[in-house]
Structures are given as C-alpha cells and as structure tokens.
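Please keep the sequence and the model in view while reading.

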Amino acid sequence: MRLRRRVLPGLPLALGITLVYVAIIVVLPLAALVFKAASLGPEDYWRIISSDRAVASYRVTVTCALAATAFNLVFGLALAWVLVRYRFPGRRLVDALVDLPFALPTAVAGIALTTLFAANGWFGGPLSLVGIKVAYTPLGIMVAMSFTSIPFIVRTVQPVLEELDPALEEAGQTLGASDLSIFVTVILPLLTPALLAGVSLSFARSLGEFGAIIFIAGNQPFSTEITALLAFIRLEEYDYPASAAIASVMLLTAFVMLAITNFMQARALRYTVRG
C-alpha cells in the first residue's frame, strides 16, 4: 500500500491559515515598527540612534549578551551532557528546572534574582564580602540574561547528544584516543550545528530581554541601561518615532546575527553530513 504524503488534508486551507497567522502575529508588528521608524528623516533617524546615550546602551546590551551567551555555551553544554550521560537522584527534577525560565514571568525572575544577589541576599552577601557586587551592575545584567536564555542551548544540544552513536566513541577508544581527543575530534563536530543554533537563539533572547533585567540592572544611563529600556523610556515620553528607531537597531542586529549563524550552521551541517 502506498503511503500518502499529505498527512493533513486541505493544504490550501492549512497554508492560508498559517500565512494569516504569521502575518498578524509576526509581520504586522514588525511592519508597524519599520513604518514608524521610517517616518523619521535620515538625519533625525541617525541623530537618534547615534546619540551618546543610545550608543552606550548598545554597548552595555551587546557586551552583556555576548558574555551571557559565552557562559551559557559552556555551562549549557555541560548541563546537557550531565542530563544525557549520567543517572543520579533528582535528575528529572533538574531536567524540569531547565525549562523554568520559559514558564516563569520575566518580571518575577528579575525580582527573584535581585533578592538573591542583593548585598544582603543569599548569594550577594557572600560575594560582597570578597568585593564582588552583582545587583545594579553590568554583572547583574549578565546573570539575568544567562538565566533567561540558557534553556535554548540545553534543549538544542540535548536531543543531539541522545542520538549520538556510542560506536563512534568506542572506535576512538579502540584506536587509543584520549577522552579529550574523542570529544574534540568526534563529538564536538557533530554537536556544532546544534550549538550554533542554541547560541544564536540564546544571544537573540539576551538582546531582547527586558523584564528580568530592569529589576537587577539599576538602569543607570551610560552604565547599566539596556537598549530595550531606553526604547521603553522614549515610549513613555510619547516619542514613538524615537522609540521605534532605537528598537529597529536591535531588530536589525538580531536579524543579522541569526542570518550569520544560520549560514554557519548550514555549512557545518553540510560538512558533517559529508564526513
């Protein structure tokens, strides 16, 4: 009996509903943002996005996002490895906690992180004794970004680890390769496409994070003010074109980052499959 390729009937209807949904939920808001930013002339647009305060917010946002993504790359890979390769009491609880940032409102996460890392908090108190201040500093922004974006790396790497053929590692051991050599030459190339996808999603989420950061950042201009907050401030001032202009810069940055990462991921996947 020949299998039918069309599992879901009514392709035109299903495709039409999907396109309408995407247009309303994704395309329409982005188009409104671009249209509002385009209402500014080139000189006004450049003046807004290149102001000293805006540039400082870009620097804070991108620097903290890069640091948080680098931390998540190492810690997220290690966490995924432990969850897949080891069995220990409480493993299912740890696995469930990975998805907590997805379910927890970002404002609640920000309040919780501020309470923990304040000078009199459980973590902030001991850290302050050695001269490390987290809350109301760029380090606090990195902590909030890491907390909200780490599931992207864990959940993209975890399925790939589960599907890896143990025979590949056994072959390396048979040839006398060390554990580090097996990881670098055998396992890591197979994980590279998933890692690139997780890193791009983690970085994009960090760029756009708002609720978890504003409580722990301190929100000081030129120091701990992120771009999303600056856009929100302009929105509260009823300066909608300026808010849209600032937001468009981060939108363009996220798109460029995703495009570059997808290109690198496609190349890595092509060479992995060929190998």
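Helices (H or I, at least four residues) and strands (E, at least two) are DSSP runs, numbered from the N terminus. By that definition, Ser206 lies in helix 10, which covers residues 179-208. The model is predicted, and for that reason local features need pLDDT of at least 70, side-chain atom pairs count only at pLDDT 80 or more, and totals for chains, interfaces and linings use all residues. Residues are numbered from 1 along each chain as its sequence is written, and side-chain values use heavy atoms, with hydrogens and water left out.

**Overall architecture**

- The protein chain has 13 helices and zero strands, and from the N terminus on its elements run α-α-α-α-α-α-α-α-α-α-α-α-α.
- Along the principal axes, the C-alpha atoms of the protein chain fill a box of roughly 65 × 65 × 30 Å.
- Contact means heavy atoms within 4.5 Å. Among the contacts in the protein chain with a separation of 6 or more, 76% are between residues 24 or more positions apart.

**Surface and charge**

- Buried means under 20% relative accessible area, exposed over 50%, and partly exposed in between (1.4 Å probe, protein chains only). Of the 275 residues of the protein chain, 35% count as buried.
- The protein chain exposes about 16,500 Å², of which carbon and sulfur atoms supply 70%. Accessible areas come from the Shrake-Rupley method with a 1.4 Å probe, and for residues only the protein chains shown count as cover.
- The protein chain carries 19 positive and 16 negative charges, whose mean positions are 9 Å apart. Lys and Arg count as positive and Asp and Glu as negative, while His and the chain ends are not counted; the place of a charge is taken as NZ of Lys, CZ of Arg, CG of Asp or CD of Glu.

**Packing of helix 3 with helix 12**

- Two packed helices are described by the angle between their axes and the distance between the axes.
- Helix 3 (residues 52-85) and helix 12 (residues 227-236) pack at an angle of about 145 degrees, and their axes are 8 Å apart. Axes are lines fitted to C-alpha atoms, for helices over the stretch in contact, and angles run from 0 to 180 degrees between N-to-C directions.
- From helix 3, Arg53, Ala54, Ser57, Tyr58 and Thr61 meet Thr227, Leu230, Ile233 and Arg234 of helix 12.
- By class, this contact of helix 3 with helix 12 has four nonpolar, three polar and two charged residues. Ala, Val, Leu, Ile, Met, Phe, Trp, Tyr, Cys and Pro count as nonpolar, Asp, Glu, Lys and Arg as charged, and the others, Gly among them, as polar.

**Buried residues and their contacts**

- Thr227 lies in helix 12 and counts as buried, at 2% relative accessibility. Leaving aside neighbours within four places in sequence, Thr227 is in contact with Ser57, Tyr58, Thr61, Ile246 and Met250.
- Ile246 has its place in helix 13 (residues 240-274) and is also buried, with a relative accessibility of 2%. Beyond its neighbours within four places in sequence, Ile246 is in contact with Ile48, Ile49, Thr227, Leu230, Ala231 and Arg234.
- Ile246 and Ile48 are 198 residues apart along the chain, and their C-alpha atoms are separated by 7.3 Å.
- Ser206 counts as buried, at 0% relative accessibility. With neighbours within four places in sequence left aside, Ser206 is in contact with Ala65, Ala68, Thr69, Met145 and Ser149.

**Residues with more open surroundings in the accessibility classes**

- Arg47, in helix 2 (residues 42-49), is exposed, with a relative accessible area of 52%.
- Thr253 lies in helix 13 and is partly exposed, at a relative accessible area of 29%.

**Backbone with positive phi**

- Most residues other than glycine have a negative phi, and most peptide bonds are trans.
- Tyr136 is not a glycine, yet its phi is positive, at about 65 degrees. Tyr136 is found in the loop between helix 7 (124-129) and helix 8 (138-163), and is partly exposed, with a relative accessible area of 44%.
- Asn219 likewise has a positive phi, near 55 degrees, in a residue other than glycine. Asn219 sits in the loop between helix 11 (211-217) and helix 12, and is partly exposed, with a relative accessible area of 25%.
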